[in-house]
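Please look over the sequence and the model shown here before reading on. The paragraphs that follow go from one chain to the other and then to the contact between them.

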Amino acid sequence: MKKPLSWNQLPRVFSEKVHALSYRQEPFSSHLPKPFLPYGNGRSYGDVCLTDEGTLLLTQGLDRFIEFNPVTGVIRCEAGIILADILALIVPQGWFLPVTPGTRLVTIGGAVANDVHGKNHHVMGSFGQHVKAFELWRSDGTVLHCSPTENTNYFKASIGGLGLTGLIRWVELRLMPINNPWMWVQSQRFQNLDEFWPLNTQAEQNFPYTVAWIDCMASGNARGRGILFAGQHAASQSTYPVFKEKTKRIPFSPPFSLINPMSLRAFNALYYRQGVKPQGALSHYVPYFYPLDAIQNWNRIYGRHGFYQYQCVIPARHAKDAASRLLEMIVKRKDGSFLAVLKTFGNKQSVGMLSFARPGMTFALDFPNRGTKTLRLLADLDTIVQEAGGALYPAKDARMPAHLFKSGFPQWETFSQFIDPGFSSNFWKRVSA
Amino acid sequence: MNALKRVVIFGATSAIAEQVARQLVSQGASLFCVGRNNSKLTAIVNDLKVRAGASQHIEGFCCDLVNIEQHQAIIERVQEVLGEIDAVLIAHGTLPNQQDCENSVDLTLKEIETNALSIISLLTLLSNYFEPKQKGVIAVISSVAGDRGRQSNYVYGASKGMVSLFLQGLRNRMAKKGVDVITIKPGFVDTPMTASFNKSGLLWSKPEKIAQGIVNAMVKGKNEVYLPGFWWGIMFIIKHIPEFIFKKLSL
């Protein structure tokens with residue numbers, strides 16, 4: 001068994017012990033060094049799931065369903081179950097996750113602890129809004145039943161609480177009804193960001209799912225070009241296409257990153273020229289929501305040095321200006337990102353004290369780790385984010401400075417009262433310093 | 001091809017057995033799950049019930065299989081619940097601490113009772129159930145450790161060796177009666193039973209993978225199965241090292 005790291009392989013920190021949980025009610029804490037930190041399926045990008053002391057509690061063994069009511073669409077399951085397993089159960093019975101991130105390989109506990117969002121934020125908000133209840137185990141042995149009406153503070157602290165408030169042992173979630181596993185998807189090119197904004201506003205009015213890809217290698221007149229994808233769950237059809245899932249895997253980490261300016265330019269140019277479907281087409285939900293799940297270990301294409309994710313949110317009033325400045329800087333440094341994703345968040349209020357999603361615009365990027373050169377670029381992007389009153393996504397962060405965290409998450413001090421004294425993470429030690 | 005529609009699992013709370021149960025349920029089976037720890041058994045049975053379709057029946061039964069006098073009653077209870085039995089998987093067991101056993105006759109005999117005698121009791125009763133039906137599958141999780149006695153865990157090894165040998169004989173008897181008797185010999189599996197081991201290295205497998213091999217062996221009615229298959233090669237070598245050399249090794 002390999003020592004647990006996060007998905008971007010950065011930072012390389014290891015806890016003193018690793019303990020695999022297998023039954024949610026089984027006591028485990030007496031012989032293990034503290035602090036604890038829950039570790040789900042290792043799909044976050046940074047150190048929210050890592051600690052260099054104490055014990056990582058692996059939750060993958062807590063992967064049981066507890067109850068599912070196919071009439072009301074309420075499901076209760078252990079925290080270590082991954083979304084793919086939930087979807088495999090619920091989709092054939094006409095239900096779907098109300099909010100899903102871009103991979104179905106995260107655990108439901110991780111989805112709660114990072115209060116993840118999806119392409120439908122402008123309609124459904126983030127994951128935590130659909131959580132009916134969960135059970136929180138604290139290192140002093142107490143077990144708290146948390147919901148919007150019970151232990152409310154712990155409920156709000158643990159949603160987006162980065163695993164610091166204790167161990168979430170099970171989660172109860174309200175699902176969303178669907179007709180079938182298919183999506184109706186439209187795609188449309190835009191030449192630059194000025195063209196994107198009105199297009200996006202229109203798409204948001206007509207579709208529950210919207211997201212845009214930006215070509216961040218294109219410069220000059222082409223800067224800010226991209227494709228806007230809008231989708232909705234398909235209505236009942238008389239016939240359905242055949243879908244068979246195919247997965248590939250990257251067998252090993254190459255010694256250097258396969259993502260470099262040359263490959264990026266080629267990929268982005270090709271991607272931009274893909275056949276768009278402005279009139280719409282059917283797509284199965286798996287390739288629509290989870291394109292990267294089809295390539296196991298895709299993180300290996302960045303080579304042994306790993307990569308950084310950078311996802312920020314900018315309040316609506318500064319969104320246009322900041323998006324343009326961020327893109328300008330990335331294009332200028334020629335260190336473009338493989339997948340640059342732009343999405344507007346709606347006005348839904350997130351539940352968690354540390355929830356990332358808030359009204360405005362979010363921009364997600366990834367950069368191969370080229371050491372100080374990359375870190376310098378990210379620090380320059382930080383300046384733009386901070387000036388615009390924005391914040392970085394903890395689930396995708398391995399390096400944000402404490403001042404940026406504190407300005408982006410003004411409730412952090414209230415939150416810290418609900419941290420379990422027996423829990424900690426390297427992320428928290430860094431940003432609360 | 002054996003149809004596995006009504007299956008009994010003894011030791012249903014073992015990590016391997018739980019994965020076997022999930023795979024069988026996804027293929028439409030009804031299950032009778034016997035386990036010793038009630039809260040673990042309840043968690044597993046509830047999970048299987050959620051995964052199962054409306055026509056499938058999942059039942060849990062809590063007892064310690066060391067009490068062999070209960071075995072007949074359990075088999076009768078299974079028939080009340082499932083009607084017929086297509087297949088059984090015997091998966092219960094413990095991993096004794098060899099050094100503690102060396103210092104305690106009681107502990108040594110208790111481990112042999114759990115890992116060998118209780119299984120032999122079940123096998124005797126179950127074979128008499130299946131024999132007149134002229135069909136059925138009896139699969140038992142033995143171990144590669146039963147292939148040769150080694151200083152590091154020969155109490156466990158001897159128990160598993162007894163089970164493997166008993167199964168050979170039973171298979172020979174049942175071959176003429178249309179009943180498949182399958183000896184499963186897993187290598188190192190990453191489960192709570194092996195929590196104290198250092199699991200780095202290529203020899204360790206996930207319970208899901210072992211479970212796939214078990215279900216496959218049960219469907220096809222195989223005989224002796226090493227899981228994963230490369231353990232056949234490893235054990236072939238270990239079994240053939242001459243004793244005068246073997247006794248000096250620290251395996």
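Of the 251 residues of chain B, 41% count as buried, a residue being buried if 20 or more other C-beta atoms, placed from the backbone, lie within 10 Å of its own, exposed if 12 or fewer do, and partly exposed in between. This is a predicted model, in which local features need pLDDT of at least 70 and side-chain atom pairs count only at pLDDT 80 or more, while totals for chains, interfaces and linings use all residues. Residues are numbered from 1 along each chain as its sequence is written, and chains are lettered from A and ligands numbered from 1 in the order in which they are written.

Chain B contains nine helices and nine strands, which are DSSP runs numbered from the N terminus (helices H or I, at least four residues; strands E, at least two). The C-alpha trace of chain B spans about 55 × 40 × 35 Å along its principal axes. Its radius of gyration, taken over C-alpha atoms, is 18 Å, which agrees with the value near 18 Å for a compact globule of 251 residues; the globule rule is 2.2 Å times the number of residues to the power 0.38.

In chain A, eight strands form an open antiparallel sheet in the order β15-β11-β13-β12-β18-β19-β17-β20, where two strands pair if DSSP finds at least two bridges between them. Because β15 (281–284) and β20 (391–392) of chain A stand at the edges with a single partner strand each, one side of each is left without a neighbour in the sheet. Strands β12 (residues 209–214) and β18 (residues 340–345) of chain A run antiparallel and are joined by three bridges; A:Trp213 has A:Val341 in β18(A) as its bridge partner.

Where the chains meet, the contact takes 15 residues from chain B and eleven residues from chain A, two residues being in contact if their C-beta atoms, placed from the backbone, lie within 7 Å. Helix α2 (residues 38–51) of chain B gives the largest share of the side of chain B that touches chain A, eight residues.
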